[in-house]
Structure formats: structure tokens, C-alpha cells
Amino acid sequence: MESSSGAAPEFDYLFKLLMIGDSGVGKSSLLLSFTSDAFEELSPTIGVDFKVKHLTLGGKKLKLAIWDTAGQERFRTLTSSYYRGAQGVIMVYDVTRRDTFTNLSDIWAKEIDLYSTNQDCIKMLVGNKVDKESERVVSKKEGIDFAREYGCLFIECSAKTRVNVEQCFEELVLKILDTPSLLAEGSAGNKKNIFKQKPPESTDASSSCC
Amino acid sequence: MKSANNSKGVMEDNDEEEEFEHFDDFTLASSWERFISEIEAVCRQWFADGPKNLLEKGAVQVNQLKDLYTIKSEFKYATKSYCMEYYFTTVDDGKTLDWDHALHDLQLSFGVKEFVVIAPQSASGVVLDAPEASKLLSAVAIALSNCSCLWPAFVPVHDSSRKAYIGIQNMGTVFTRRFEADRIASQVPVKLMHLEGLYELFVSKFAYTAVDWSMNHFEVHFKMKLTYRTPIHDDEDEIHDPDADITGSSENPEGEMHGKAQWDDNFPWSKWYSAEDPVNGFELLAIWSEITAESSLDMAELENASPVEADKWFLSPCLSEYLSDVSDGSTIGFASQLHLLVKALEMSSEAKFIEDFISVFANSGSEALKSSAVVPPQTVLDRVLKNLFHEVAETEINSSPTEHKNSRSIKGAPQESLFAQFCLHALWFGNCSIRAISVLWIEFVREVRWCWEESQSLPRMPSSGPIDLSTCLINQKLHMLAVCIDQKHREAEGQFVDANDSMSSQEDLQSPTHNSSSHGASKEVSDRKDESSDAANVAKPMMLLKSHKIMHAPITLEPPPMTEDMHEERLKAAVALGDSYSFSAQLETEILASDMSAFKAANPDAVFEDFIRWHSPRDWENDENEENGASESSSWPPRGKLSERMSDLGNSWRKIWNEAPAVPASEQKPLWDPNREGEKVLHYLETLRPYQLLEEMVCAAFRAAADTLNRTSFGDLKQMNIKMDQLCITIASVLRIFLAQNTTTDTELLEDLRRLSTTFEHIEKLVLLAASLHVKFLQSPYLGQAIFTDCFNFYLPNMGTSSANAHNDTQREFDKKQQIRSGDRDLIVSMFPPPTANQSWRRVLSMGNLLNGHEPILREIIFSKRDRASRSYYAASSPKLHQQDIETYRMYVSGTSNDLGVALAVASFD
């Protein structure tokens, strides 16, 4: 599917996504489940992993470059550089382990603020391992509350049963497609003139930053 | 005259009649009659329309007056053409207009609300001789009375500078008001300079004409408004301290200017430029609203009164003209220099190498380059470099000034960083021409290379820490270089480089009691399985599983710092490999192996499980009931196991563990080579394309300038904070688009950047204004804020649109006033310092009511005499009138001791 001949580009948009969260919450499994419809017990990620996924959504051909980072503290200084230029960040926690959820606000949300170079980047909160319903300790409502507070998308899924895995990535991408500034970054060459898009002194600009 | 009226027949006030107007026969009427009839027709129309309809028909707002509109119509009479204007207000609340409102001259002079003015369409717009004026006035008066309209009508007479008018108003059946105004612009009779004389002038008007009334009572009411202007700090006065007087006043004041404190000395921009104070001074209006005087003596007494005794005080700032200037780049500031920088950017694509811009002058380059040929002399260059590299105050490096939360989103460099400072210097170096920039850059890179060769730490740059990828690439490169220099320096000293915390590692190394067996360890590891919730465990050391010895966290190698282009390369490589091959994080694997080696060296008895407990605590699962620390120490080893994924057979972690030799970090091969990376950075800087340099400079300069302005303290001004936020957001989004187009110069993009500098200019002016007001009202900030809010609301609408429709808006003047609370009067008085002896002998004071020795610049008085209108006299007149007092005489006096304008309105029944 590479290098289709002629002028037509291989894809309309290239988006960079990043997956973060504590170690062992199932980031790599989630990614594998999404990219190759498989579930297997994976070795812990060393530092960072990377997958490419092509998909067509809303009539647009998309290429997703998804960076899967290791959750271990030792790797955190390394992974910080992968936040750069990401249009979407997926924050994953394990619904059966409360600390992975609390660490999102204690650690990971702060990391995003610190390292993300993109003001408008879309954040998504994902509660993984809902297949272990009996062991669940973090309720769906808590997840929703967190998402509301931090202004992110929210979904619960299971990498193992593949429940909501597709939706998780698709919803994030749809949201990116809805955000003009992110769209402009992802597209090749299409520039937008912001002075023509909106009056320079729009008063609501301040609200969008927080 | 009557015939003109008759010729129109018995016209009723209804619109249908007007339709037939054209069929009236004017053949017998004189031109004068026709003229009156024309005026009448127009007045009728206006009268019938009323304010609402007139507004729809294109009435325009009179400059700067909130509620005054005018509509006009033109007439021809004889050879001249005339223009009649009807001024009207939309709100008729029956209140008399006061001078708290902004009023039209005629409204103020004669105490009228709506009125008609007729004037010839000549160049000066004024009827020059009195007979013509009165003829014109009577024409209008007849026309108005024909349509029983009660509007006063005015005709200007004489030279326009005299502001002389005559006027008449029909006030119902019996009353008529006559108006007259004139002005003496010089050589005012001494008598009329003082309140006494003005009082007598007024009294003489009715004492002379009104024979019906008793001659004994001259009780008049009046209000007075005095305007004071804060003294201008002219330089001559400033330097005239007693000593200077002796040494000779002929001394050139310019020479002493340098030592003098500028108003903006303490503001962040003063390092770069000195701005004109946007607030030139203040005007204080002191108003006595209701005074009654019975004799000249009362007036003489009043003249001695201090304005402090006035009923109301209002303050309005006198703002510098440059605030309302349509931005043409003439005002010097960051914005003007940013404009120049954008110009330099435009030219930067003309050459491939930065050196070309310097050498091109030897063999006469393009015209455009020639015009910007100014390069400051070597001494200036040396001073700039010295400031950049050597005059670094300790505070500048350490303090991270409160950065604007949005400024990080601008891809520039932190305000105090080396590259940001370079950009700010470049803005002012040789007028920011491409040539001056090139000269400065080459010297700058030379200086940076010197630091590298000599292992001197790079000033204004942190020598450690992760590289902030949100900054511009040059800043990242300089940060990288600073880290390399630091590393090189330490290696040269044979000092081991510690990844964790340089302070603690040095302590450990020097500590003689340190366990020698665990070399290369920095500290004992506490059980941090649950660091966030279980604080008790933090203090407790972790024990090795097999040997029950204390676990030591090894000193590990520092991961290599990376700039964004290096990340880009890795990403490209990963994408190139694509899905076919799982991305192997080579570097990360190396780091993990290095950590394992160091761990083994620090803990010779450790097993893989121990490493996992330290490195990836979540992959070690304690048995449920052994969670708490107490039972753990009693029963060793703790029952637990590796997580499923970590204990898999093919686990890559265990593979690496098995292969890793026990080598302390100090003896390991470093993960990166500072010598190589440093040289690469310098190569990048030395071969940077002019366009790339300018691109980065534009971004960094915008951010640094915004950051500098942002450090200005202007008090708590919400709207200003919002503006700063918006500025940062706007800059960030424009620059993001700009950077995305890194191909060639695009005219539209350059236009965007120019517009951005213009936006910047607006904000810059507002910041200056806010700062100026802030320092002037430190004692009562809310007053400063209130005045700023007025200015802000006044200027902002213009600023938003100035680029689009600069010319169709007539220049309005700021005229908002703030009422001063009595508590703040002291502060205002302090703005009027008593004049020095030197000043006072130079001035001739001829008016009273001095404020700290300053006389008012304008005195306005409205005298009025009211008489009860008795029922018997005006039985048939409108019911409104006979119940209340009627103002029979009104005199408005305005001016100074040497410029007197008087307007008189007399109501009479005849």
C-alpha cells in the first residue's frame, strides 16, 4: 500500500498520537489490539514503542503514528520528548487499580501540561481492563468526573475483549478532525490564514486557553 | 414677508399638503420669500420627522458628543449658498444640560438643547457682515415661526475665531429669547479679568434693560467651573536647583538630560528603549455648582477661594497623540523594531549564506540592501556582546521570572535565555537591518565557539536538565551545547557524572563511611511501592530478596539530551520501518542495559526480581496479606512474585538482565559523546541559512518582546491581562502557521507578520499607558484603573479597526472624566507642586482661585437670573411655563484673564 503512483498522496492527514499512563495498565496491549486485532501478553515496553495505522474516517484517509510510552518512572525523562507535536494524548488507567487512576491527576496530567507543545491537543481518558468487572475499583462515574475536570474525552474499554477499542481511537481522531488548528498541522501544505478566519481581537480567545 | 406666508396658502401640518407644494405659484414672490419658503419646507419636514426618523434618514452623530446628532440641508439665495443644520438629541428627559456632560459649544453657551444653525457655504463658513447675518437670521426665524417650531436658530457672525453668534428663539406666544455671543481674544479689559467685573457685566444687562424690576436686588445665581492643568515638567525648571542658578542659567539643558531620571526607568522595556510618557499630564476640573452672589464683594471673596473648596472635582488625563496614531511604525518601540525584523526576514532569502550580506557591500549589492546599510561601529558591537556574554547578573540566571502561561506556546526562547537576549539586542542593533543582523550573528557565533573551545559555560543557559522542545531550535541547540560544555568540563576534571542529583552524589562520594562494597550507588532505596499514599514506607530501606542486604540505588548514566531535529530523525527512522518491523527502541534498550549493569555493580547479590522491584515496582506483586511493612520485616523473604508479563519466558527484560555485566556507571561507556554533539551544534550554528536564522529570530523576538512587556507592573487590570493573553495566543497561532511554511517567502505570510506587529503595537501602547497610570496613582490604584478603563474603551475600538478603515473615521479626542472622591483630593493636589521661585517670577498671575500657586487655564461661569413668571402676565402661554421660574437672563463666560468669550441669552416678551 506504500508509494501509490501518481500525484495522489497516500493519505490526507497524518496525526501523531501518544499513549501515557502507569506501567502495566495495558497501553501496549490496547495499541496492539487496535492495530492488529490481536491480544497477547506483552513484555513491558522498554522506553517507547511505535505503531502506524492507516484508516479512513469521515471520508478522509488518515495515517496515525501512535507512540506507546513506558510507564516506569525511570523512563519518564526520556518519554517526555514524545509529547512534542502530538495532536492527541491517550491517558490510560486500569479500572482494577486505583493508584493508576489517581496517578493520572498526580503525575500524567502534569506531564502533559509541562511537555505538550500543542495548546489544542486533544486528551482522551481511557479506563482499560473492563473485562475484569468483578475486580473493578474505579467506577465509571469517577472516570467521567475526571474527564470533565480536565476537559478530555472518556471511554472505558478492554484490550482483551476488544470492547470499545476501535471507538477509543476513532473518537479521538474525529475530535482532532473537528479542531481546525490540529487539522492544519496534520494536513500537508494546506495553510490557513488566521487573520481571515476570525477577527484579531476576538474576546473569547482567552477562554479557550484554560 | 407676510406674502411669502400667504403664497403658500393655508398649509396644514400634514404630509399630503407637502406633496402639492410644487404646484404653488411663486412667480410673484421675491427671491427672499422663496428662500424663506424653502427653509420652512425643510424645517417642517424635520419637525414632522422627529429624531427617530431623522436618524434613519442619515443624521450623523456630532463628533465625540454622545447624544447629539445633526442633519443638514443646503439652500441658494442670490449668488450664495447656505447650509442649514439642525442639531438634536434623542433623549428628552427634560433635564437641563450640565457641564458634567460633553456639550456642544452652542449648547453650553446658550443653555439650549436642540437648535438650528444657518451659515453660508463660504470657505470660513461665517457670515462676515452684520446686516447679512441679521437678514439670514430673520429669514430662519420667520420660517420657524411659520411652522410654529420652537427651535432656537443661530447665525455665526464675524471671523470664525471669534465664535460670535446671534440667535433667536420663539418660546411660545409671548416669549422670545435672543442670543448673542462674542469673544475678546486679547487685551481683555482689566475689569473683566476678575469675577467682580464679570458679575457687574451680567448685572448691567438686566439692571439696564429690565426697568420693571426692582433695582435693589442683584441677587444672581451662578455656577463656576475651573480647569487646571498639571504643570509640565519642562527641563529648564527641573535643573534649576539653587546651585544651578549661580553657575549660570545659560548652560545647555541638554547636557544634564542624561543624568535625569526618565519616567520609565524602572519598567522592563527601559533596557531597550525609552518611551514617551503616554500621559502628558492631567486636567482637573473644579466645579462650584450652585452659588448665589448679591454683590461684587461676594465675588471678590470667591476669587480668593481655593479650588479645594469646590463641590466637585473631575480629572481627565491629557494623553499623548501617539496613542491614537494610526500605526505607521513611526513610534519607536518593540513593535516598530519587529516591523523592521520582518523586513529583514523578507530580504533574508536573497542570499544563501549569512556572510553574503556583509561581503555584498564591498561590491555594491542590490539597492534594497544598500538602503539598509547602517551597521553600528565596533564599539557598539563590543558593548552588545559584552552584555550578552559577560554582564549576566546572578539573578538573571536563577530567577525564572513569572513567565506568561501562554508565552510557552510561542516557539521562541525563554526571556532571559541567550538567544532571546540576542534577538532583543538585534532589534535595536543598527536598526535591525539584515546586514546588521548578519554582523551581529557572526560575532555571536564566534563568541559561542570561544566558549566551547575554552570550556567556558555558556551564559544565560542552563547546563543541565531536559531540553525544552517547545522552544525554538536555536535555543535547543544552545541548550544542548551548554550541556555538552558542562559535560566536557566535568570529564576534563575527572569528575564522575551523575544522572540523579549532582549534589547528593558528591556527598556520597566524599563520605568515608560509605559502604565500599556497593560502589557506584547513590543512596539506599526505600520501598516506594506506593509512594503517593504510604509515606511511612518511604523512610524504610528496601532489602534484597536473597541476601537480605540493603538495596542501593545505583548511580546511572544520564540519558543523552536531544534536540527536536534529533527526535525528528528517530521518528522518521521509525516511520520508515513502519509496521513491518516492530520499532525497536535501540537507545532505550541501551539505557536499560546500562541501568542493569550499574544496579548489578551496586548490589552484587541482587537478582532480577530485585531490579524489577526498584525499576518497575508494579511488576512485583506482593501477596495480599503481606502488604504492610510490619509483617514484612518479621518474615523474610517477603512472599511475592513477578507479574505475569515480566515472568514470561521470552521476556526481553530478563534477556537484557542476563546479558548485562556488573559495571558501575562511572566505568561504562557513556551513552553519548558530548564532544561530538557539541561540534555538531556549532556546525549547525555556523552554517545556518539566513532565512532559517531570521525565521527563528522572528519567533524568538516576538516572544521575548511579549515577555518583556508582560513583566510590566500595571496593577490589577483585568482587561489588560486578557489582552496580554490574547496577544500571546495570537502570536503563537500566527507563528505556528508561519513555521509550518518553511519553504520560501510567501507574501501573504509576511503580510500576516506585519499585521501581527501592528497588533503588538496596540498592546504595547496600552501597556505603556497602563504602566504610566499605575505609577501615577500608586496611592489610589482604583482611580488609575478607572481612568485606564476609560482610555481602554476609547482606544480599543479604533485599534481593532485601524488597519482596515483608517481614514473614514474622523479623529476623535478622548474626553472622559473621572469624578474624584474627596479622599483622593490630596493625591491630586500633590500633582500640582508649588512652583519654584524661579517659575513664579516668570509668570504673571492675573486670576484668582490658585491651586498651589497655579492659576486655572480656563474659567467658565454660567450666570443666571430667574424670575417667576406670573399667571396674570402670560395667561395664554403654555401651561408649563407659568407654574415655574423662567430663566430670563443667562450669561456664559469662558476663558482666561486674556481670552474672554461671553454668550448672553435674554428672554423677553414682546
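B:F419 is buried, at 0% relative accessibility, where buried means under 20% relative accessible area, exposed over 50% and partly exposed in between, for a 1.4 Å probe and protein chains only. B:W441 also counts as buried, with a relative accessibility of 2%. The model is a predicted one, in which local features need pLDDT of at least 70, side-chain atom pairs count only at pLDDT 80 or more, and totals for chains, interfaces and linings use all residues. Residues are numbered from 1 along each chain as its sequence is written, chains are lettered from A and ligands numbered from 1 in the order in which they are written, and side-chain values use heavy atoms, with hydrogens and water left out.

A pair of aromatic rings is described by the distance of the centres and the angle of the planes. Rings of Phe, Tyr and Trp (its six-membered ring) pair if their centres lie within 6.5 Å; planes under 30 degrees apart count as stacked, over 60 as edge-to-face and the rest as tilted. Over all chains, the whole structure holds 46 aromatic pairs. In one of them, the ring centres of B:F419 and B:W441 are 6.5 Å apart and the planes stand at 80 degrees, so this pair is edge-to-face. B:F419 belongs to helix α16 (residues 418–428) of chain B and B:W441 to helix α17 (residues 434–453) of chain B, so the pair ties together parts that are 22 residues apart in sequence. Helices (H or I, at least four residues) and strands (E, at least two) are DSSP runs, numbered from the N terminus.

The rings of B:F422 and B:F444 have centres 4.6 Å apart and planes at 40 degrees, so they form a tilted pair. This pair too links distant parts of the chain, with B:F422 in helix α16 of chain B and B:F444 in helix α17 of chain B, 22 residues apart. Both B:F422 and B:F444 are buried.

Elsewhere in chain B, one aromatic cluster is formed by B:W46, B:F47, B:Y69, B:Y86, B:F88 and B:W151.

Strand β9 (residues 279–293) of chain B contains B:A293, which is buried at a relative accessible area of 1%. Leaving aside neighbours within four places in sequence, B:A293 has contacts (heavy atoms within 4.5 Å) with residues including B:Y199, B:F218 and B:M299. B:Y199 is 94 residues from B:A293 in sequence, and their C-alpha atoms are 8.6 Å apart.

For the chain as a whole, chain B has 33 helices and 18 strands, and buried residues are 49% of its 910 residues.
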